[in-house]
Amino acid sequence: MSRLEIESRDVVKIVLQFCKELSLHQTFQTLQNECQVSLNTVDSVETFVADINSGRWDAILPQVAQLKLPRNKLEDLYEQIVLEMIELRELDTARSILRQTQVMGVMKQEQPERYLRLEHLLVRTYFDANEAYQDSTKERRRAQIAQALAAEVTVVPPSRLMVLIGQALKWQQHQGLLPPGTQFDLFRGTAAMEQDVDDMYPTTLSHTMKFGTKSHPESARFSPDGQFLVSCSVDGFVEVWDYISGKLKKDLQYQADERFMMHEDSALCADFSRDSEMLATGSKDGKIKVWRIRTGQCLRRLEHAHSRGVTSMVFSRDGSQILSTSFDDTARIHGMKSGKMLKEFRGHSSFVNDAIFTTDGSRVITASSDCTVKVWDVKTTDCLQTFKPPPPLRGGDASVNSVHLFPKNTDHIVVCNQTSSIYIMTLQGQVVKSFSSGKREGGDFVAACVSPKGDWIYCVGEDRNMYCFSYQSGKLEHLMKVHEKDVIGVTHHPHRNLVATCSQDCTMKLWKP
């Protein structure tokens with residue numbers, strides 16, 4: 001598709017027209033002077049010419065004040081008005097225009113004889129048209145001035161800015177990028193997101209996103225504003241999806257042009273900054289990349305974030321730091337500005353699978369394959385607490401897959417380990433509530449997520465099922481098979497009843513009530 005080139009001058013003109021129509025005269029003049037771009041439009045050229053030919057100077061002068069015209073043409077116009085005011089014996093008006101306007105001030109400096117002639121005519125007690133209009137007539141001079149000024153102005157349809165924005169939104173709607181009836185926030189450039197009032201568990205397949213036969217999604221993440229769904233694939237691609245249509249988001253120009261965010265090795269995990277503007281992704285070779293989601297531009301590369309694959313990552317609340325975990329048995333905090341490692345949390349004896357900040361950002365909680373959860377002090381990196389969730393029914397210990405802040409009480413965490421139970425625990429390691437599928441074998445949980453209000457906890461198991469636990473009843477309320485091969489991950493939309501699951505069957509699926 002050939003690209004449309006848009007002149008910045010034209011954009012300025014559209015904004016100038018907007019200011020003019022809203023009578024923002026000072027803004028109009030300032031913008032026109034700063035940009036050295038003039039609008040030079042009139043509502044109707046015919047009316048403009050007719051007003052000059054009829055000598056309706058009270059209508060012409062305000063319009064001319066908004067136009068940028070060649071000085072010689074302006075001087076002819078103002079000279080004509082002065083002469084006609086003298087003829088009508090409107091001497092005060094003639095004197096004001098002659099002595100107080102910028103155009104006549106310049107004429108006085110650069111064409112003193114022409115200026116002085118007007119001063120002489122002004123003080124005379126009589127008016128001689130032949131002498132004043134010099135070998136011409138008033139009407140003929142008006143016609144010449146009208147013709148000269150008409151060549152400098154154009155007519156454009158009204159409200160161009162609003163019309164263009166309306167057309168752009170219609171096109172987005174036509175492309176399926178904006179569902180009909182969507183409220184659109186022009187300033188933020190996003191559709192106002194629908195919010196589901198009650199948390200409800202999913203029962204129905206909404207969309208299936210298919211990946212190549214040699215690729216599958218390793219993880220998925222929704223943006224906090226609910227606009228984007230991102231997948232990280234084993235082939236290194238990081239793709240942004242429209243969860244409403246189940247297709248790649250083509251209103252992102254880079255994806256429309258078949259250019260994608262990607263890693264040299266498998267992309268394993270991702271997280272968004274709180275404002276949904278930045279996306280961090282981690283790969284199997286220990287690298288982290290930070291992207292601007294709207295442009296696909298790579299803002300920062302952390303080449304040596306970890307010595308082995310990055311298993312999870314999360315932005316700090318203010319977006320200035322990234323907390324990451326790895327197969328190298330560590331969790332680390334990296335500075336966004338410097339790109340350097342700021343803190344390292346060492347103490348786990350196996351892979352660190354997940355990490356989160358507490359709500360106040362003062363502590364870090366890590367989950368590890370060494371079967372423990374650790375709580376760390378962010379400032380000192382000291383380990384404050386180590387505990388194990390309850391072991392599986394079959395005996396032995398179980399790797400901890402993930403930890404999540406619990407929305408109903410942020411002093412509590414949801415802990416998912418490789419068993420058929422999931423736990424709400426305190427940061428001291430006490431179990432507050434547990435949810436169990438009751439399966440002794442073959443149904444261990446591999447991943448989990450929590451609904452936005454904390455009413456539901458969703459676990460995906462080795463048996464390819466999704467388990468929907470109700471916080472209220474403490475029971476398993478719904479069970480369904482979600483994939484044909486091993487399920488890898490599950491994630492929840494921030495304010496819709498929508499769950500995404502990833503699997504080795506080369507698909508990502510979206511589930512709704």
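**Helix packing and selected residues in a predicted model**

The axes of helix α4 (residues 57-65) and helix α5 (residues 71-87) approach within 12 Å and cross at roughly 155°. Axes are lines fitted to C-alpha atoms, for helices over the stretch in contact, and angles run from 0 to 180 degrees between N-to-C directions. Helices (H or I, at least four residues) and strands (E, at least two) are DSSP runs, numbered from the N terminus. The structure is a predicted model, in which local features need pLDDT of at least 70 and side-chain atom pairs count only at pLDDT 80 or more, while totals for chains, interfaces and linings use all residues. Residues are numbered from 1 along each chain as its sequence is written, and side-chain values use heavy atoms, with hydrogens and water left out.

Helices α4 and α5 are therefore roughly antiparallel to each other (angles under 35 degrees count as roughly parallel, over 145 as roughly antiparallel, 65 to 115 as roughly perpendicular and the rest as oblique). The crossing of α4 and α5 is left-handed, a term used if the near helix is turned anticlockwise from the far one by less than a right angle, and right-handed if clockwise. On the α4 side, W57, I60, L61 and V64 make the contact, and on the α5 side L74, L77, Y78, Q80, I81, E84 and M85 do so; contact means heavy atoms within 4.5 Å. By class, the contact of α4 with α5 comprises nine nonpolar, one polar and one charged residues. Ala, Val, Leu, Ile, Met, Phe, Trp, Tyr, Cys and Pro count as nonpolar, Asp, Glu, Lys and Arg as charged, and the others, Gly among them, as polar.

Helix α5 also packs with helix α8 (residues 112-123), their axes coming within 10 Å and crossing at roughly 15°. The two helices α5 and α8 are therefore roughly parallel to each other, and their crossing is left-handed. Residues E75, D76, E79, V82, L83 and I86 of α5 meet R114, R117, L118, L121 and L122 of α8. This contact of α5 with α8 has six nonpolar, no polar and five charged residues.

The loop between α2 (25-35) and α3 (45-54) contains N40. Phi of N40 is near 45°, a positive value in a residue other than glycine. Most residues other than glycine have a negative phi. N40 is buried, with a relative accessible area of 9% (buried means under 20% relative accessible area, exposed over 50%, partly exposed in between, with a 1.4 Å probe and protein chains only). T41 lies in the loop between α2 and α3 and, at 9% relative accessibility, counts as buried. Not counting residues up to four places away in sequence, T41 touches K20, L67, T154 and V156. T41 and V156 are 115 residues apart in sequence, with a C-alpha to C-alpha distance of 6.8 Å.

A positive phi of about 60° is found at T381, which is not a glycine. T381 lies in the loop between β19 (373-377) and β20 (383-387) and counts as partly exposed at 24% relative accessibility.

T501 lies in strand β30 (residues 499-503) and is buried, with a relative accessible area of 0%. The T501 side chain makes a polar contact with the side chain of H483 (2.8 Å). A polar contact is a pair of N or O atoms within 3.5 Å; within protein, one must be able to donate a hydrogen and the other to accept it, and residues adjacent in sequence count only if both atoms are side-chain atoms. Not counting residues up to four places away in sequence, the residues that T501 touches include V460, M466, V482, H483 and W511.
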